[in-house]
Amino acid sequence: MDPARTRLVALAAERGVSLSALSGLLGRNAAYLQQFVRKGSPRKLEENDRRTLAEFFGVDEAELGAPPRETVLTVGSSGGAGQGARTADWADIPRLPLGASAGPGTLAFDAAPTDRLRFSGRWLRQQGLEPVMLSVIEVEGDSMEPSLRDGDEILVDRSARPLRSGLHVIRLDDVLLVKRLEPGSAGTVQIISDNPAYPRMERPRADVAVIGRVVWKGGRI
């Protein structure tokens, strides 16, 4: 195994993240990095994939097979030439082809990404978010208006966290929904639509599979 593949396996083990999860971070199928490591296909990582992984692990791209970084000359305030490196700090989050709605939803949350939406790595770190645990999905329907509108895109954090009040993507009765959750009484959860035309529900906590918390939204003006 060449040094880049060996280093990738070691970094994944240190962070406690699987190669399939990292493949999802890249917007690839779950076996992509397994094939890269074990079968040598592809022969080397594409530049964007290598950069995303390096940013996630906080290492130089050279550790994952990048050629030596070119030196970029910058002009100092005194008029002399100084040396610096032009670095990028971005995370490409997979956009999944499914919607969370008040109607019939998609049953799975592991569909192959259609493409990726780029976020500032610095901003994600400030929010305490790990890129590998994030996905972008589209909202369907009007049940969460005015907070979320039909066609809005939401960033969903799938990290295991204690449940607290807020917007979440959930699976309920084999339907994928985005709802506001609040703790109920005696082990129940209040499932709330912000649109008052839709009634709120109260269900046992065990009946509600929390997929992730909504941490950002974007949409047309």
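## A buried strand residue

Ile-137 sits in strand β5, which spans residues 134-139; strands here are DSSP runs of E with at least two residues, helices are runs of H or I with at least four residues, and both are numbered from the N terminus. With 1% relative accessibility, Ile-137 counts as buried (buried means under 20% relative accessible area, exposed over 50%, and partly exposed in between, using a 1.4 Å probe and protein chains only). Although 41 residues separate Ile-137 from Leu-96 in sequence, their C-alpha atoms are 5.4 Å apart in space.

## About the model

This is a predicted model, in which local features need pLDDT of at least 70 and side-chain atom pairs count only at pLDDT 80 or more, while totals for chains, interfaces and linings use all residues. Residues are numbered from 1 along each chain as its sequence is written, and side-chain values use heavy atoms, with hydrogens and water left out.

## The chain as a whole

The chain contains 5 helices and 11 strands. Of its 221 residues, 39% are buried. Taking contacts (heavy atoms within 4.5 Å) between residues at least 6 apart in sequence, 56% link residues at least 24 apart.

Let's turn to helix α1 (residues 3-15) and helix α4 (residues 47-57), whose axes come within 11 Å and cross at roughly 40 degrees. Axes are lines fitted to C-alpha atoms, for helices over the stretch in contact, and angles run from 0 to 180 degrees between N-to-C directions.

From α1, the contact draws on Leu-8, Leu-11, Ala-12 and Arg-15, and from α4 on Leu-53, Phe-56 and Phe-57. By class, these residues comprise 6 nonpolar, no polar and 1 charged (Ala, Val, Leu, Ile, Met, Phe, Trp, Tyr, Cys and Pro count as nonpolar, Asp, Glu, Lys and Arg as charged, and the others, Gly among them, as polar).

## A buried aspartate and an exposed proline

Asp-92 belongs to strand β3 (residues 90-100) and, at 6% relative accessibility, counts as buried. Beyond its neighbours within four places in sequence, Asp-92 is in contact with Leu-25, Thr-52, Arg-116, Leu-117 and Arg-118.

Pro-146 lies in the loop between β5 and β6 (153-157). Its 56% relative accessibility makes Pro-146 count as exposed. The C-alpha atoms of Pro-146 and Asn-195 are separated by 6.9 Å, with the two residues 49 apart along the chain.
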